[in-house]
Amino acid sequence: MPKIPGIVFVAAGIAIAWFSRYVDARTENQGMILFFYAGIVLIAIGVFKIITKMIMKDQEKPEKETNISEEEKKIRETIEKRRIIMCGMCGTRHYATSNYCHMCGTKLK
Ligand SMILES: [Zn+2]
């Protein structure tokens with residue numbers, strides 16, 4: 001039941017409602033009126049499903065994206081901290097977070 005897309009409900013509802021109206025018009029009685037209402041209910045369910053799916057999608061996407069970027073941020077920060085750079089003047093190794101060489105004072109960034 002939940003895997004049937006809303007558009008199928010709408011299409012089936014329209015078909016049932018239209019068919020019941022068509023039969024009633026031809027037979028000149030209201031024998032199919034229940035089917036007409038059933039069709040309307042199906043259309044309503046279909047529209048409801050489509051709307052809820054759209055709302056769910058809108059709520060899910062930004063959350064996932066922020067989670068990924070947050071994790072990526074942490075990973076990038078860790079990599080940046082562990083990265084080793086060399087002083088251009090004296091060749092001393094430093095962590096990338098250092099701004100100046102500890103040996104000769106040359107600006108590293
Ligand atoms: Zn240096």
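## Contacts and overall form

Two residues are taken to be in contact if their C-beta atoms, placed from the backbone, lie within 7 Å. On that basis, residues 24 or more positions apart account for 30% of the contacts in the chain that have a separation of 6 or more. The structure is a predicted model, in which local features need pLDDT of at least 70 and side-chain atom pairs count only at pLDDT 80 or more, while totals for chains, interfaces and linings use all residues. Residues are numbered from 1 along each chain as its sequence is written.

The C-alpha trace spans about 100 × 15 × 15 Å along its principal axes. The radius of gyration of the chain, taken over C-alpha atoms, is 33 Å, whereas a compact globule of 109 residues would have a value near 13 Å, by the rule of 2.2 Å times the number of residues to the power 0.38. Of the 109 residues, 9% are buried, a residue being buried if 20 or more other C-beta atoms lie within 10 Å of its own, exposed if 12 or fewer, and partly exposed in between.

## Secondary structure and helix 1

The chain holds two helices and two strands, in the order α-α-β-β from the N terminus; helices (H or I, at least four residues) and strands (E, at least two) are DSSP runs, numbered from the N terminus.

Helix 1 covers residues 6-27, and the distance of 32 Å between its end C-alpha atoms agrees with the 32 Å that its 22 residues should span at 1.5 Å a residue, the expected span being 1.5 Å times one less than the number of residues. Its buried residues are Phe9, Gly13, Ile16, Ala17 and Ser20. They lie on the same side of helix 1 because they cover an arc of only 95° around the axis, where the arc is that of the directions from the helix axis to the C-beta atoms. On the other side of helix 1, the exposed residues are Ile7, Val8, Ala15, Trp18, Tyr22, Ala25 and Arg26. Glutamate 28, which follows helix 1, has a positive phi, near 55°.

Methionine 56 lies in helix 2, residues 33-82, and is exposed, with 10 other C-beta atoms within 10 Å. Its C-alpha atom is separated by 49 Å from that of leucine 108, 52 residues apart along the chain.

Lysine 81 is also placed in helix 2 and counts as exposed because it has 10 C-beta neighbours inside 10 Å. Not counting residues up to four places away in sequence, lysine 81 touches Tyr95 and Thr97, while the C-alpha atoms of lysine 81 and isoleucine 4, 77 residues apart along the chain, are separated by 50 Å.
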